[in-house]
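Let me jot down what I looked up, entry by entry.

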Amino acid sequence: MDNETNARPIKRRARMALSCQRCRKHRSKCSRSRPTCEQCTAAGVECTYLEIPGDLESTALRDRFAGLEDQIHSLMDEFGNIEALVKSNTPSHNNINTTDHSNVRTNALENWNIHQPQGASGLSIDTHMYHVTDIYSTLIQFARENTNAITLYPQPDQQKKPIWLIRNHSIFTNVRLSHFTSLRPNVNDGEDTEDDALHLKAMAEAQRLNDMDTDDDDDDDDSIPEPLSPILVQRLLSLYKNCLLYGAVQPFDILFKDVLMDPSILSPSFQLLLASILCHMLPHAYYWHPEIFENTTMTESKCTEISITYYKWAKKLLSSIYFDAPSLTTCHAICNLVLYHIENGNTSVIYIYSGMAVRMALSLKLYREDALDAISENQVELFPFLYRPPVMVVKQYARSLLWFMYFLDTAASHYHNKPYEIHLDDHVSTTTYFKNPPISSAGVDEHQAFFQFIEFHTCQITRDIRRTIFTHPEEDQTSYEAIERIERRLLEFQTQLPSIDLNNHTNIWHRRCIFKQWIRHHGHWILIHQSYLPTPMSVARCTTAAFALVELFDHWIVEIDCYFRPCVHELKQACEILLYHVDQNTPIKLNALQGLVRLINVLLKTPVGEIARTRPFVQRVLKAIAENNNK
């Protein structure tokens with residue numbers, strides 16, 4: 001009887017998986033909500049659950065074995081490439097490590113035993129390594145040493161699709177945290193510190209702090225600034241509608257251009273909006289639109305001082321009204337302060353201000369289309385009686401503000417690699433309204449609306465890239481299937497971009513659609529592949545994009561405008577790829593040097609050219625050009 005019992009197979013209880021497949025694979029906590037969990041929703045990926053009970057341990061083992069099998073196939077493909085490269089460059093010797101006539105640099109493989117067994121046609125490669133990551137690290141170093149022996153632009157029929165792309169961790173960290181590069185002096189002059197950021201965070205989370213400003217050492221400096229001349233204020237407000245990044249806020253002119261010119265009747269929220277605009281626009285206009293300061297005594301130092309004064313005033317106003325009833329104008333002003341810090345490169349408080357704007361938008365229910373009528377009616381009541389606009393116009397303003405916050409959230413989240421807080425994938429204001437604005441939409445410019453529609457999809461792709469490639473920095477490789485999905489998305493999106501007609505520059509928003517959006521498009525290809533250099537496919541993609549950017553910037557400089565500011569990031573990306581070819585002495589080194597010269601000349605011709613000279617990446621490019629010109 002005992003023998004029969006022992007011989008009977010053990011039947012394990014079948015269990016139902018409660019977490020989704022993706023969370024189980026990444027070993028992350030799953031919300032277990034159906035049909036899509038919160039983690040998959042935030043990542044923008046498909047969420048799948050096991051619908052029948054099964055042996056979870058065996059399922060996990062099968063998944064693990066499948067992943068190991070993919071790694072083995074990927075390594076075998078790489079070994080095959082090494083074998084082909086060695087055979088094409090090595091005479092008939094039995095060991096490549098003793099070859100004197102080979103064009104292949106084998107320093108990285110010196111601990112490997114690569115030989116051709118007697119009577120065999122292939123090579124035998126003994127790595128003496130036990131970890132896949134060590135093998136990949138050696139392969140990356142070998143590829144870097146032999147970049148000039150690898151075809152940079154393989155034909156499609158000659159290029160085998162890899163299974164994995166291996167990260168180059170010497171590049172990955174910098175690419176992961178790359179963001180908009182400021183080309184404006186720090187006009188804050190130390191006004192915002194980490195301590196100030198913590199203070200703002202506490203202010204946003206507390207119920208109400210009655211003595212918020214009692215311990216502020218700068219009370220004497222927070223008085224109302226001396227008013228600017230009405231003509232200068234009017235000029236700055238006129239510039240704001242076209243200079244504000246990401247397509248601006250429509251319809252700003254109809255709502256605010258007149259009322260903000262009458263400071264005696266402004267409520268604190270309108271005063272805050274005016275202060276946030278002036279502190280942001282003064283240093284911007286001084287460099288990009290100096291003509292508005294004609295017949296004035298404005299100097300750079302005076303402009304900076306006035307900007308700081310208005311920023312301090314804006315902070316004091318915000319601290320006094322943040323916990324009052326939320327309003328669109330207060331939310332708009334906070335967004336201006338986010339952009340003010342982004343453009344000045346002050347990273348310590350960007351995410352704090354962004355979070356304050358998001359929380360106010362949530363309290364307003366700004367994300368709900370069915371709530372916009374009530375929001376707009378309440379906002380109309382906040383306008384001075386003589387300047388009250390139609391509800392329809394304010395409703396359009398609310399949609400534009402939500403749009404603007406989405407763009408700022410995309411940019412602000414990259415500074416500290418924080419998760420995105422605003423998600424508008426299916427919102428009416430982004431998927432329908434701005435692409436085909438109705439005739440009744442007051443203040444909506446057709447070209448400007450199309451620019452914003454393209455900007456929205458560009459931000460969607462940026463978020464997709466960062467979620468796919470940069471969310472898990474601990475991983476050493478990325479599935480090419482995931483990379484290929486984004487590449488297909490980019491190619492599909494490319495068909496929606498306007499054709500590059502360099503002779504049609506009649507409308508500023510049409511011109512920006514051509515240059516800025518195409519520049520962002522090519523920058524996405526570099527963002528995808530830069531951290532996988534020197535993988536041949538990644539080198540090819542990045543190089544093609546870099547030279548395309550050279551041509552675009554070279555044509556844009558003829559009529560360049562202030563929307564060049566965020567594109568400095570893509571210019572820097574192109575410089576990094578071309579510097580890679582110069583540093584690695586690849587076959588296209590001379591072309592890369594010429595491209596670097598053209599890019600730097602564009603940058604130095606802009607109104608911020610002298611500021612650019614002080615930036616480390618520009619100094620590095622200038623040094624590389626000078627060193628190679630002397631050879």
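Before the entries, a cut-off: I call a residue buried under 20% relative accessible area, exposed over 50%, and partly exposed in between (1.4 Å probe, protein chains only). This is a predicted model, so I noted that local features need pLDDT of at least 70 and side-chain atom pairs count only at pLDDT 80 or more, while totals for chains, interfaces and linings use all residues. Residues are numbered from 1 along each chain as its sequence is written, and side-chain values use heavy atoms, with hydrogens and water left out.

Entry, the search. I counted a salt bridge when a side-chain nitrogen of Lys or Arg is within 4 Å of a carboxyl oxygen of Asp or Glu. Searching the whole structure gave me 19 salt bridges.

Entry, K241 and D253. I found these side chains joined in a salt bridge, 3.0 Å from N to O. D253 sits in helix α9 (residues 252-256) and K241 in helix α8 (residues 230-243), 12 residues apart. Helices here are DSSP runs (H or I, at least four residues), numbered from the N terminus. I logged K241 as partly exposed because its relative accessibility is 31%; D253, at 23%, is partly exposed.

Entry, R565 and E343. Their closest N and O atoms are 2.5 Å apart in a salt bridge. The partners are 222 residues apart: R565 in the loop between α20 (536-556) and α21 (568-583), E343 in helix α12 (residues 328-344). R565 is buried at 6% relative accessibility, and E343 is buried at 4%.

Entry, R520 and E455. I have this salt bridge at 3.2 Å, N to O. R520 lies in helix α19 (residues 508-529) and E455 in helix α17 (residues 446-469), so the pair ties together parts 65 residues apart in sequence. Both R520 and E455 are buried. Shared partners join E455, K516 and R520 into one salt-bridge network.

Definitions and conventions
Helix = DSSP H or I, 4+ residues; strand = E, 2+ residues; numbered from the N terminus.
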